[in-house]
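This report describes the structure shown below.

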Amino acid sequence: MLDIKFIRDNAKKVKQAVEHKKASANIDHLLSLDEQRRKLLVRIEDLRAKRNELNMLLKQARTDELIEQSRALKDELGKFELEFIEIDRQWMAEMLKVPNIPWKDVPVGQDERENQTVFTWGAPRKFAFEPKDHMQLGHDLNLIDTESAAKVAGSRFGYLTGGLVQLQFALINYVFTLLLNETELKKLANSVEKGYPAKPFIPVIPPFMIKPEVYVKTSRLSEEDKDERYYLQKDDLYLIGSAEHTLVSKHMDEVLKASDLPLRYIGYSTSFRRESGSYGKDVKGILRVHQFDKLEMESFTAASDSFKEHLFLIAIEEHILQALDLPYRKLLKCTADIGMPNARGVDMEVWIPSQKTYRETHTADMMTDFQSRRLNIKLKSEKGENVLVHTNDATALAMPRVLIAILENYQQADGSVEVPEVLQKYTGFDVIKK
RNA sequence: GGAGACGUGGCAGAGUGGUCGAAUGCGCCGCACUCGAAAUGCGGUAUACUCGAAAGGGUAUCAGAGGUUCGAAUCCUCUCGUCUCCGCCA
C-alpha cells in the first residue's frame with residue numbers, strides 16, 4: 001500500500017503508475033473519498049472531544065441535564081461513526097487497488113512481450129540427437145508420474161520419484177550451503193557495490209498457511225489474487241503461494257534494530273497455486289502445477305539499501321544458474337508485468353531445449369515500503385525515528401522447473417541424465433539412468 | 001476434541017467503572033557530579049491519525065472485534081494467542 005499523503009501530493013505520478021501498470025485504481029475517486037473521510041473524522045473527533053469534556057463535568061456533578069446532553073451527543077456521534085465506517089471501507093478498498101510506483105528504469109509496456117532482455121548467459125546446447133522433453137525423460141527414467149497423480153489428485157499434479165527426488169534435495173542442500181557461506185556471498189555482494197554487507201541468510205521453514213487479514217497486508221491477496229489461492233474455509237486460512245508470504249509477515253508489527261539489517265531469510269516451503277486462469281497453458285508435464293517446492297529469499301533493509309539488495313538477490317540467482325551451467329536470459333520486466341506491489345521486477349528464464357525457448361524459473365521483486373506499510377514493519381533509524389523498512393524477495397530455486405531444466409539440458413544420447421557437477425557431492429551419484 | 005488459568009508501555013509489574021495514556025522498578029536518552037568511568041541526583045522516554053504556516057491542539061490505542069453505560073484497562077459476548085492438565089497424533 002502507498003502512503004495516502006504521498007498519493008495526495010503526487011496524484012499525477014500515481015495516476016501514471018496506475019495507467020502504466022494497468023491497475024484498476026481510480027485516483028480521483030480515492031482522493032474524493034479521502035476528503036470525505038477526513039472531514040468526517042474531524043467532525044467525529046470534535047464530538048468526542050465534547051463528550052470527553054462533558055464526562056469531566058459529570059465526574060464532578062451528576063446532573064440530569066449533563067446526562068441528557070451526553071446522551072444526545074452520543075446519538076449524534078453514532079450517526080457520524082456509522083457513516084465513517086462505510087466511507088472508510090470504500091476508502092481502504094480503493095487504497096488497496098493503488099499500485100506501487102515503478103522504479104525509474106522500469107520500461108513502460110503493455111504486457112510481458114515488452115519485457116526487456118538485458119543479459120543472456122550460456123549458449124543453448126547443440127544436441128547430436130533429438131532431445132526428449134522432460135515428460136519423455138521422466139517417463140523413460142521412472143522419475144515423473146502424472147498419470148497416478150491425476151488419478152489421485154487430478155490434473156496439474158505429479159509424483160516425483162527416484163533420482164529426481166534426490167536431485168531436488170541435492171539442489172536444496174547446495175543452495176542452503178551457498179547462502180550460509182559468507183565468503184561466497186562476499187564476492188556477490190562486492191559485485192553490487194564494494195563492501196556491501198554479505199551477511200548470511202537465516203534458513204527458515206515457515207508456516208504454509210496464513211490468516212486472511214495478514215495475507216491482505218502482504219499485498220498478495222488482492223481481489224484478483226483470490227482466485228489463485230487455496231482457501232480452507234473451516235479454519236479461515238489460506239495456503240501460501242510462496243514462502244515469501246509468511247516470511248515477509250514474520251516481522252509484522254515489529255520495530256527492527258538497525259544493527260539487525262540487512263535481515264535475510266532463505267525459506268523452504270511448498271507453494272500452492274490454483275492456476276485458475278491458465279487453462280490450456282502448459283498442460284503437458286509438470287511445468288505448471290498446483291503444488292511445488294521452492295526456496296525463496298526474503299530481505300529486510302533500510303530504504304537506502306533496498307535497490308542494492310535487489311541487485312544482490314539477482315546476483316545470487318545468476319550465480320546459482322551459472323553454477324548449474326544452465327543457459328538463461330535476464331529480463332527487466334515492464335510496468336504491466338511486474339505486479340501491483342512491485343517497484344521493479346527481474347525474471348530469469350532458462351533454456352528449455354524441447355520448447356526451443358526460455359522459460360521463467362526465477363523472479364526478483366523489489367517492494368520498497370509497499371508491503372511494510374501495511375504490515376507495520378519498522379526500523380529504528382540512527383536519529384531514533386521509526387521508519388518503514390524495505391522488503392525484497394526473490395526465488396533462489398523453484399523446484400519442478402529447475403528439475404525440468406536439468407533433465408532436458410543434461411540429457412545424454414543413451415537416454416540418461418548427467419547430474420550437474422556442483423550437485424554430485426550432494427546426490428552421491430553423477431548420472432540418473434534407468 | 002475436553003477442562004482450567006491468563007493476555008496492561010522496550011521489559012517486569014500495579015491498577016476491578018470516572019481522579020488512568022496509565023503507579024512503581026528496570027532499561028534507554030540528556031544533564032549535573034568526575035581526569036574518565038561506576039555509583040548518585042535531576043529531567044526526559046509509546047504509536048497512529050488528524051487540525052495548524054508554526055507554536056501548539058484534538059482523537060484513538062491496556063491482545064482483537066462487538067456490547068452494556070452519560071462514562072470501560074476495569075463489566076458482558078465472541079475471536080485470537082500463551083500456559084497447565086486430559087484425549088488423539090507425526
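A residue is taken to be near a molecule or strand if its C-beta atom, placed from the backbone, lies within 6 Å of it. By this criterion, 17 residues surround RNA strand B in this predicted model, and the closest are Glu 45, Arg 48, Ala 49, Lys 59 and Ser 70. The elements that contribute two or more residues to this surface are helix H3 (27-60) and helix H4 (64-95). Helices (H or I, at least four residues) and strands (E, at least two) are DSSP runs, numbered from the N terminus.

Helix H3 gives the most to the surface near RNA strand B, namely ten residues. By residue class, the surface near RNA strand B comprises six nonpolar, four polar and seven charged residues. Here Ala, Val, Leu, Ile, Met, Phe, Trp, Tyr, Cys and Pro count as nonpolar, Asp, Glu, Lys and Arg as charged, and the others, Gly among them, as polar.

## Model and numbering

Residues are numbered from 1 along each chain as its sequence is written, while chains are lettered from A and ligands numbered from 1 in the order in which they are written. In this predicted model, local features need pLDDT of at least 70 and side-chain atom pairs count only at pLDDT 80 or more, whereas totals for chains, interfaces and linings use all residues.

The average pLDDT of chain A is 92, and 100% of the residues score at least 70; pLDDT is the predictor's confidence in each residue, from 0 to 100. The model has an ipTM of 0.85 and a pTM of 0.93.

## Overall dimensions of chain A

Chain A contains 14 helices and 18 strands. Along the principal axes, its C-alpha atoms fill a box of roughly 95 × 55 × 40 Å. Of the 434 residues of chain A, 39% count as buried. A residue is buried if 20 or more other C-beta atoms lie within 10 Å of its own, exposed if 12 or fewer, and partly exposed in between, with C-beta atoms placed from the backbone.

Among contacts in chain A between residues at least 6 apart in sequence, 72% join residues at least 24 apart. Two residues are in contact if their C-beta atoms, placed from the backbone, lie within 7 Å.

Two strands pair if DSSP finds at least two bridges between them.

Strand S10 (residues 291-301) and strand S16 (residues 390-398) run antiparallel and are joined by eight bridges; Phe 300 stands opposite Thr 391 in S16. Strand S13 (residues 357-366) is mostly covered, with seven of its ten residues buried. Nine bridges connect S13 to the antiparallel strand S12 (residues 344-352), and Asp 347 has Thr 363 in S13 as its bridge partner. S12 and S13 form a hairpin with four residues between them, and Lys 356 in the turn has a positive phi of about 50 degrees. S13 is also joined to S16 by three bridges in an antiparallel arrangement, in which Ala 364 is partnered by Ala 394.

## Backbone exceptions and an exposed loop

Most residues other than glycine have a negative phi, and most peptide bonds are trans. The peptide bond from Leu 261 to Pro 262 is cis, with omega near -5 degrees; Pro 262 is found in the loop between strand S8 (254-257) and S9. Arg 156 has a positive phi near 65 degrees and is found in the loop between helix H6 (146-152) and strand S3 (159-160). Arg 156 counts as buried because it has 21 C-beta neighbours inside 10 Å. Asp 253 also has a positive phi, near 60 degrees, in the loop between helix H10 (243-248) and S8. Asp 253 is exposed, with 10 other C-beta atoms within 10 Å.

Lys 234 lies in the loop between strand S6 (231-232) and strand S7 (237-239). Lys 234 counts as exposed because it has 5 C-beta neighbours inside 10 Å. The C-alpha atoms of Lys 234 and Arg 125, 109 residues apart along the chain, are separated by 50 Å.
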